[in-house]
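These are my notebook entries on one structure. I record what I looked up, entry by entry.

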Amino acid sequence: MTGWLEGRRALIVGAGSGIGRAVVDAFRSEGARVAVLERDAAKAAALEAEAPDVPVTVGDATTRAANDTAVAAAVAAFGGLDVLVNCVGVFDFYRSIEDLDAAVLDDAFDEMFRTNVKSHLHSVKAALPELKRSGHGVVLLTESTSSYYPGRGGVLYLSSKFAVRGLVTALAHDLAPEIRVNGVAPGGTLGTDLRGLPSLGTAERSLGDAPRRAEELAARVPLHVALSGEDHAWSYVFLASDRARGITGQAVHPDGGIGVSAPRKRS
Ligand SMILES: NC(=O)c1ccc[n+]([C@@H]2O[C@H](COP(=O)([O-])OP(=O)(O)OC[C@H]3O[C@@H](n4cnc5c(N)ncnc54)[C@H](O)[C@@H]3O)[C@@H](O)[C@H]2O)c1
């Protein structure tokens, strides 16, 4: 522990598994007090059992009401809020426009953008008064390599993640100077439970179940690393800390260097 977040009060939205769960542990190890909003009751119960001092709200982050309840729980426990992190997301398992039936497009679009984009907006809106009151408020949204490059998700996931990147830019502009807003853009990640969409019949499918995922992740990036939520969590710690006090509207890219990959040779 180095105390980078000593005294900070954080709400982490979507923290029952994967990256958000790792951010909970990293923030606590750096001295922050942490509250959580999580939709999955079983994951919430497991977190409460492991960390009884973490106030956990069970609710759907795509709704204003659940975010209001979670902010109120954090404020009741800690007296205020300094950092909002959103790690909510769902995936489309690489469906291209040709793979998507026109009949499911309306529902799939709504499910993807409601979860990946609207939940972020609602959580920021609900936390805003407390973050302003904090005097050093920070918002951290979870982007992806899919916020920058094609090929690592389908058309709905990619466009939703570009939208999260847009939120970072717009919110950083609108909320300065009181609140810093940044993104973390992880590459493919080990050990998460990223789920699909009900409308595409993949709600119970988890990206974490993909076979040989570690080898596949390492092979696709210049650094040949397969990163986990624990690796990414330090980017959130840095951006939440005063070490990043001059940084807003940016993203940190813990992705093994995918942006400097050489173009594929033509065979
Ligand atoms: N897994 C990857 O390879 C990867 C890569 C880049 C970016 N990301 C992004 O990282 C973020 C976290 O993904 P992860 O891989 O850790 O997945 P995850 O499913 O393990 O974590 C997401 C958490 O959010 C919760 N959640 C989902 N919808 C919710 C809702 N409506 N309300 C409240 N909680 C909800 C889930 O139950 C889960 O606990 C997502 O935004 C994802 O798009 C993931």
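**Entry 1: T115**

I began with T115, which touches T62, V88, G89, V90 and H120, leaving aside residues up to four places away in sequence; contact means heavy atoms within 4.5 Å. T115 lies in helix α4. Helices (H or I, at least four residues) and strands (E, at least two) are DSSP runs, numbered from the N terminus. I noted T115 as buried, because its relative accessibility is 11%. Buried means under 20% relative accessible area, exposed over 50%, and partly exposed in between (1.4 Å probe, protein chains only).

**Entry 2: what I am working with**

The model is predicted, so local features need pLDDT of at least 70 and side-chain atom pairs count only at pLDDT 80 or more, while totals for chains, interfaces and linings use all residues. Residues are numbered from 1 along each chain as its sequence is written, and side-chain values use heavy atoms, with hydrogens and water left out.

**Entry 3: aromatic rings**

I then asked how many aromatic pairs there are. Rings of Phe, Tyr and Trp (its six-membered ring) pair if their centres lie within 6.5 Å; planes under 30 degrees apart count as stacked, over 60 as edge-to-face and the rest as tilted. By this rule I have 5 aromatic pairs. F91 is buried because its relative accessibility is 2%, and Y157 is buried because its value is 8%.

Next I looked up F109 and F113, whose ring centres are 4.3 Å apart with planes at 20 degrees, so the pair is stacked. Both residues lie in helix α4, 4 residues apart, about one turn of the helix. F109 is partly exposed at 38% relative accessibility, whereas F113 is buried at 17% relative accessible area.

I also recorded that F91, F93, Y94 and Y157 form one aromatic cluster. The charged end of R205 sits over the ring of F93, 4.1 Å from its centre. A charge sits over a ring if NZ of Lys or CZ of Arg is within 6 Å of the ring centre and within 35 degrees of the ring normal.

**Entry 4: α4 and α5**

How do the axes of α4 and α5 cross? They come within 9 Å and cross at roughly 20 degrees; axes are lines fitted to C-alpha atoms, for helices over the stretch in contact, and angles run from 0 to 180 degrees between N-to-C directions. Angles under 35 degrees count as roughly parallel, over 145 as roughly antiparallel, 65 to 115 as roughly perpendicular and the rest as oblique. The residues in this contact include F109 and F113 of α4 and Y157 of α5.

**Entry 5: α1 and α7**

The axes of helix α1 (residues 18-29) and α7 come within 8 Å and cross at roughly 55 degrees, so α1 is oblique to α7. Among the residues in contact are F27 of α1 and W234 of α7.

**Entry 6: T248**

My last entry is T248, in the loop between α7 (229-240) and β9 (251-252). T248 is partly exposed, at 30% relative accessibility. I found that T248 touches A172, I179, R180, V181 and N182, not counting residues up to four places away in sequence.
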